[in-house]
Amino acid sequence: MADLDAAWPRNDYSRVRYDLFHDSDVFEREQDRIFRGPVWSVLGLETEIPNPGDFRVTAVGTTPVVFNRDQSGAVHAFVNRCAHRGAELVREPYGNCKDHTCIYHAWCYTLQGDLIGVPFQRGANGRGGMPPDFDLREHGLQKLRVAVWKGVVFGTFTEATEPLPTYLGPLMIEHIGELVDRPVKILGYQRQRVFANWKLYLENVRDGYHASLLHEFNRTFGLSRLTQISGGHMDDRHRHSLLFQYAGSDDDQAARQAYARDRVQRGEYMTLKDTAIVRYVKEHPHGITTRIISVFPNAVFHQIYNCLGLRTIRPIDPGQFEIVFILFGYEDDDEAMTGHRVNQANMVGPSGLISMEDGEALELVQRATAPDRDAYGMYEMGGTGTIRNLDTRVNEVPIRGFWSYYSELMGIEPAGAVR
Ligand SMILES: [Fe+2]
């Protein structure tokens, strides 16, 4: 086990030990204290299971989970594992069924996760079978608590988790709420396997600093600029974060000078001939053109112009995780708006114009930090000490916020920890 007492040389999380991205004991503890702990994880969208009997498999951390809709319309979620001998129960990624029957010994469960059938429970020809005191009611699937908010399905493993609205807090409710305030329509899915630790992705989506430096599309056309009105805000406990920016809110000439002065060699941008891919049709009250909203521990909502999506992050082992992107629009979109969103969907996913480099950057970190796990990364952009909201994206403070809440759950906060 890594010596977690020495994880933090500073109490403000401005140094992060590389061990945290590699150690397998840390990874196991995360499953226990975070993913199966007092948090709400996003399971998916209600519209993925519109009809009674519809189901979809997902994961909470490394735990396989299935969620479905029962005959009354209620949504349930349970661990996707037979209560008998532990076989994966639902083997299709999605579908519709009347009940869930395990392929191994045909044990059968209702859409509420209750066990209703055990073949040969009473044996055959008077021999074998379950003992007389065997009670079906004691062997249902392991159920998650479920909360559905504005069509987003959340699940948690523990009764101790606070009510969902309290967990999300006003900032998340306001900004996610704007994105799902109308019935949504799924446009498609993308999946990406990244050979890096899952927390590097949680850092990445709390990092507004890299967007105009790493991403070649933004650099080439001078689109996402740190000179724009933007910021990184968090909830009171710094669990979640909102990165936002307003395109067109800065001066083109001043932006060119700023980037030239800081030796980012893109003083002369090329010009996009067809600007449809970066055009924002105003449809949300704030008029923010890009929002990356990170919900601890496993979800990201994004609005990039009119490209809307929900990403869920599924850790596999310390060195790999998967991102599942759900791209959506609204049920009342006309054909032109759907086409506009699909065109803008080219920006995200494993080959997205402004996200393809993220996976690569994370893998660079994973590889280079592996041999020297007692060394530290440094996080001082936006200042050290107090964790606070800033109206700039030249800022890594939301990452320190993430580590602060992470450490609380993991029980590894340093003495005198900044929260
Ligand atoms: Fe990025």
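The model is predicted, so to speak a calculated one: local features need pLDDT of at least 70, side-chain atom pairs count only at pLDDT 80 or more, and totals for chains, interfaces and linings use all residues. Residues are numbered from 1 along each chain as its sequence is written, and side-chain values use heavy atoms, with hydrogens and water left out.

Searching the whole structure turns up three cavities of 30 Å³ or more. A cavity here is a set of points, on a 1 Å grid over the protein atoms alone, where a 1.4 Å probe fits but cannot get out, and its lining residues have an atom within 4 Å of a point. Points are joined across faces, edges and corners, and the volume is the space filled by probe spheres set on them. The largest cavity holds about 340 Å³. Its lining runs to 25 residues, with Ala211, His215, Thr290, Ile292 and Ile354 closest to the centre. Helix 5 (216-221), strand 14 (241-245) and strand 15 (290-295) each give two or more residues to this lining; strand 14 gives the most, with three. Helices (H or I, at least four residues) and strands (E, at least two) are DSSP runs, numbered from the N terminus.

Then there is the largest pocket, at about 420 Å³. A pocket is an open set of points with protein on both sides within 12 Å along at least five of seven lines. Of the 18 residues lining the largest pocket, Glu203, Asp207, Val365, Tyr379 and Glu396 sit nearest its centre. Helix 3 (198-204), helix 8 (356-369) and strand 19 (376-378) each supply two or more lining residues, and helix 8 has the largest share, four.

Now for the two residues. Aspartate 235 sits in the loop between strand 13 (230-234) and strand 14. Aspartate 235 is buried but has no salt bridge, and the nearest side chain of opposite charge, arginine 239, is 4.8 Å away. A salt bridge needs a side-chain nitrogen of Lys or Arg within 4 Å of a carboxyl oxygen of Asp or Glu; Lys and Arg count as positive and Asp and Glu as negative, with His and the chain ends not counted. Beyond neighbours within four places in sequence, aspartate 235 is in contact (heavy atoms within 4.5 Å) with Leu168, Leu171 and His240.

Valine 184 belongs to strand 12 (residues 184-194). Valine 184 counts as buried because its relative accessibility is 12%, the cut-offs being under 20% relative accessible area for buried, over 50% for exposed and partly exposed in between (1.4 Å probe, protein chains only).
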